[in-house]
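Subject: Structure handover

Hello,

Here is the structure for you to look at. Please open it first, then read the notes below.

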Amino acid sequence: MGSVGVVEELVTEILSRLSIKSLLRFKCVTKFWYSLIEHPYFIKNHYQRNKNNNFGRLLVHNYDTNHKEFAFAVCSDETLADPVYEYLDLRLNLSPFIYGPCNGIFCLYNNVDSMALWNPATREFRPLPQVPRLDLPSSPGKIFQKILRNGFGFDSTTNDYKVVSIITFYENFCGYDSPKTFPIYAAVYTLSTDSWKVSEESVPANTVGNVFSIFYTYSRGVYYWLANDTNDQSILLSFEMGDEVFRNIPLLKDCIEGDFLGFHYLGLYNDCLCWIVTTAYHSDVPNYVYLWVMNKEYHWTKQWTIGPLIGLGSPLAFWKDGELLVVSGQWGLFLCDPSTLEAKYLGTNCIQAFVYHESLVSIKPRYGCQDKCGNSSDNIYVPNLFVVMPDPEGGLVGSDFKDTTVNPVHFVNLNNTNL
């Protein structure tokens with residue numbers, strides 16, 4: 001028995017060093033290998049080893065002009081010296097809001113009422129139940145329920161993934177000219193129960209997400225948004241994934257006063273929340289980028305000022321050694337050295353960019369023809385729960401959902417290969 005135990009430990013150590021593509025194939029070798037690769041302890045250790053031993057891969061969300069679709073591609077070269085992109089098998093005919101990655105998982109939102117979780121490495125795609133419709137406040141006019149912003153993260157106290165949606169009501173669909181202000185509420189989705197629950201207390205803010213952020217702003221169990229409090233003062237609104245409590249955090253005065261500089265938003269720098277201000281977003285004028293970083297005590301420190309960046313806009317992400325992933329006015333993606341200000345074109349257009357580590361984290365149930373060994377058919381069907389919705393008045397009207405014709409989103413395996 002002792003020798004068997006040694007062999008199993010050796011097998012575990014070897015498998016923990018392999019790629020996910022190989023592990024999905026090796027699940028078919030023996031029952032022991034299958035149960036080992038599926039075990040939460042192995043999945044956690046494999047992801048942590050992967051994260052500690054390499055910086056991550058560049059994943060870009062862009063528009064594929066050849067297929068007229070929005071797509072996702074991964075660059076396997078961690079150095080980005082000679083970037084070559086492998087397109088993934090998720091293809092969409094509209095650009096979603098993307099939250100992640102959180103332990104290799106992304107949350108997609110179609111900007112109306114449909115969401116889904118996606119693990120690009122295992123090809124699992126899970127549409128979520130629709131956000132619940134709340135009791136409508138009394139008003140003489142038509143009332144619309146509207147999702148303001150979402151957040152996505154991991155609750156380490158329960159080893160569970162959660163999505164939080166911040167919801168309010170308007171007397172017109174767009175909401176910007178609504179003559180009446182309504183309270184803001186939140187609904188929280190938990191992966192393990194596959195269900196939503198609505199918070200009993202209103203969110204302590206007047207507006208949330210009034211400034212668009214192109215970064216994923218989840219850090220150490222907390223998700224952050226820019227917001228205005230009930231006195232209409234600029235604040236940070238945070239949500240603890242563990243206790244599911246919202247908190248208001250004051251913004252640094254220098255950050256607020258820097259609004260006049262131009263485009264400003266939240267981001268993550270070395271896994272710390274940061275405030276980014278740029279003098280130009282997409283412009284031919286020279287661009288300067290200012291960065292403040294917040295520590296665990298909510299104290300802000302100005303990290304650096306970079307510029308002038310000629311022909312480049314706002315940072316999408318931070319690469320190794322503080323290098324910036326920046327887009328040009330034509331949405332071309334560049335890698336910029338903050339010391340020399342030299343910019344290298346990375347050979348693709350880009351809407352969002354992510355530093356991505358693959359993981360075995362499961363978001364079952366799975367859809368499509370995927371067996372227990374991870375083999376998949378060339379085309380994977382995604383149910384109509386995650387659809388491209390037409391604009392206008394097809395949203396939530398009062399307590400009734402206005403039926404419209406929709407087109408299902410589907411996978412297309414461009415490489416015609418199995419994982």
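In what order do the four strands of the open sheet come? The order is S5-S6-S7-S8, and the pairing is antiparallel. Strands (E, at least two residues) and helices (H or I, at least four residues) are DSSP runs, numbered from the N terminus. Two strands pair if DSSP finds at least two bridges between them.

Before going on, note that this is a predicted model: local features need pLDDT of at least 70 and side-chain atom pairs count only at pLDDT 80 or more, while totals for chains, interfaces and linings use all residues. Residues are numbered from 1 along each chain as its sequence is written, and side-chain values use heavy atoms, with hydrogens and water left out.

S5 and strand S6 (residues 105-109) run antiparallel and are joined by four bridges. For Tyr99, the bridge partner in S6 is Cys107. As background, strands of a sheet pair through backbone hydrogen bonds, either parallel or antiparallel.

Next, helix H4 (residues 40-53). With 14 residues at 1.5 Å a residue, H4 should span 20 Å, and its end C-alpha atoms are 20 Å apart, so the two agree. The expected span is 1.5 Å times one less than the number of residues. The buried residues of H4 are Phe42, Ile43, His46, Tyr47 and Asn50. They lie on the same side of H4, because they cover an arc of only 130° around the axis. That arc is taken from the directions from the helix axis to the C-beta atoms. Pro40, Tyr41, Lys44 and Asn52, on the other side of H4, are exposed. Buried means under 20% relative accessible area, exposed over 50%, and partly exposed in between (1.4 Å probe, protein chains only).

How many disulfides are there? The count is zero, where a disulfide is a pair of cysteine sulfur atoms within 2.5 Å. For Cys274, the closest cysteine sulfur is in Cys272, at 8.9 Å, which is too far for a bond. Cys274 is buried, with a relative accessible area of 0%.

Last, the nonpolar cores (sets of buried Ala, Val, Leu, Ile, Met, Phe, Trp, Tyr and Cys residues joined through side-chain atoms within 4.5 Å). The largest has 70 residues, and those touching the most other members include Leu117, Phe152 and Trp225. Strand S10 (residues 160-170) gives the most to this core, with seven residues. A second, separate core has 35 residues, among them Tyr265 and Leu346.

Regards
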